[in-house]
Amino acid sequence: MDKKLRVGIIGATGYVGQRFITLLENHPWFEVVALCASPRSAGKPFEVACEGRWKIDLPMPEYVKKMVVYSTDDIEAFCNEVDFTFCAVDMKKDEIRALEEKIAKLETPVISNNSANRWTEDVPMIIPEVNADHAELIEAQKKRLGTTRGFIAVKPNCSIQSYVPALTPLLSYGIEKISVCTYQAISGAGKTFDTWPEMVGNLIPYIGGEEEKSEKEPLKVWGKVAGDHIELASEPVISAQCYRVAVQEGHTAAVSVSFKNKPSMEDMIKAWNEFEGEAQKLDLPHAPKKFLQYIEEDNRPQPKLDAMYENGMGVSIARLREDNIFDYKFACLSHNTLRGAAGGGLLTAELLCKKGYLTAK
């Protein structure tokens, strides 16, 4: 790429926005040129707007410190500065839907970390290794919006990215039923232990809306493009429980699964170890070289040991064994603010750039 694309980040002062900032420093294709947040942060240098609120375990990059933050109330001026934007803003869902569609109609593509548009029929919800072909939906969306280059693409819920990738190489065996329990880090709520001390040594057996997302979103990810929408996968049936646990980074999933054609454990491990998605084939800058790893040790995966596998962009699987009710059970782990959130959004942008959907204005 001769010239880097100009990138904006909406919700730049939040946890995921901060992740985007650190990931995009020195990116080979993209350059952050504009930051946007709520009106209370607008007009301030980023380091001032974010004073006392920097949550990432890396120092704030120098390149953003003096950038003056735009307001979501002045989105036109922000869009004039960028070729496309990431969106990880904390607003009500109807407000986010309206904001993202307005940006798209300003001919500025949006790569969204938010859930607001995940069920908009012509908005692709992409895990680059799993359903890169869903990008085809963008053309139908642009026709509806009346745009030539503006569109919205979203990434799925962060927790399903711990287990959907592990199940994807097994779909050919006819997955019928899945029971999954996710144990989700506090960073998924935008928190640290300093800001949420009551989570120390604690567990909360409820995360609002999370179980519904975990049961339904995989069916869109595994669905097929049907003109101007995704035809949802008709199976498997998924039952999910979601817990918030005293972990800073890394979502763990305990998965039980039944098949129409039960594979051997050796076949499953082979499928995981050999799996390669479109992101690997295209050699995207943030694609893990080996997306899935199977670990033999019984006491893995662990967030402290495995969340940063492949720089936080890979998925770790372990503890595969026979199940008394289902066919098999196993554990999965992914880094929720890297693979699950900002990193997944960035990898989606790299995929769409490579496929020609993201270009300079």
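These legends accompany close-up views of a predicted model. Local features need pLDDT of at least 70, side-chain atom pairs count only at pLDDT 80 or more, and totals for chains, interfaces and linings use all residues. Residues are numbered from 1 along each chain as its sequence is written, and side-chain values use heavy atoms, with hydrogens and water left out.

**View A. The largest pocket holds about 1,100 Å³ of space.** A pocket here is an open set of points on a 1 Å grid over the protein atoms alone, where a 1.4 Å probe fits, with protein on both sides within 12 Å along at least five of seven lines. The volume is the space filled by probe spheres set on the points. Lining residues have an atom within 4 Å of a point. There are 43 of them, and Ala-88, Val-89, Asp-90, Asn-114 and Gly-188 are the closest to the pocket's centre.

**View B. Helices contribute to the lining of the largest pocket.** Helices are DSSP runs of H or I with at least four residues, and strands are runs of E with at least two, both numbered from the N terminus. α1 (15-24), α5 (93-105), α9 (210-221) and α13 (338-354) each supply at least two lining residues. The largest share, three residues, is from α1. By class, the lining has 12 nonpolar, 20 polar and 11 charged residues.

**View C. Six strands form an open, parallel sheet.** Their order is β3-β2-β1-β4-β5-β6. Two strands pair if DSSP finds at least two bridges between them. β3 (70-71) and β6 (152-154) stand at the edges with a single partner strand each, so one side of each has no neighbour in the sheet. Strand β5 (residues 110-112) pairs with β6 over three bridges. Val-110 stands opposite Ile-152 in β6.

**View D. The largest nonpolar core has 55 residues.** A nonpolar core is a set of buried Ala, Val, Leu, Ile, Met, Phe, Trp, Tyr and Cys residues joined through side-chain atoms within 4.5 Å. Buried means under 20% relative accessible area, with a 1.4 Å probe and protein chains only. Trp-272 and Phe-330 have the most contacts inside this core. Helix α8 (residues 160-167) gives the most to it, with five residues. Another core, of 46 residues, lies apart and includes Leu-23, Phe-30, Leu-35 and Leu-284.

**View E. Ile-269 sits in helix α10 (residues 265-274).** Ile-269 counts as buried because its relative accessibility is 19%. Not counting residues up to four places away in sequence, Ile-269 touches Tyr-294 and Leu-320. Contact means heavy atoms within 4.5 Å. Ile-269 and Ile-317 are 48 residues apart in sequence, and their C-alpha atoms are 9.2 Å apart in space.

Terms used:
Nonpolar A, V, L, I, M, F, W, Y, C, P; charged D, E, K, R; others polar. Buried < 20%, exposed > 50% of the residue type's maximum accessible area, 1.4 Å probe, protein only.
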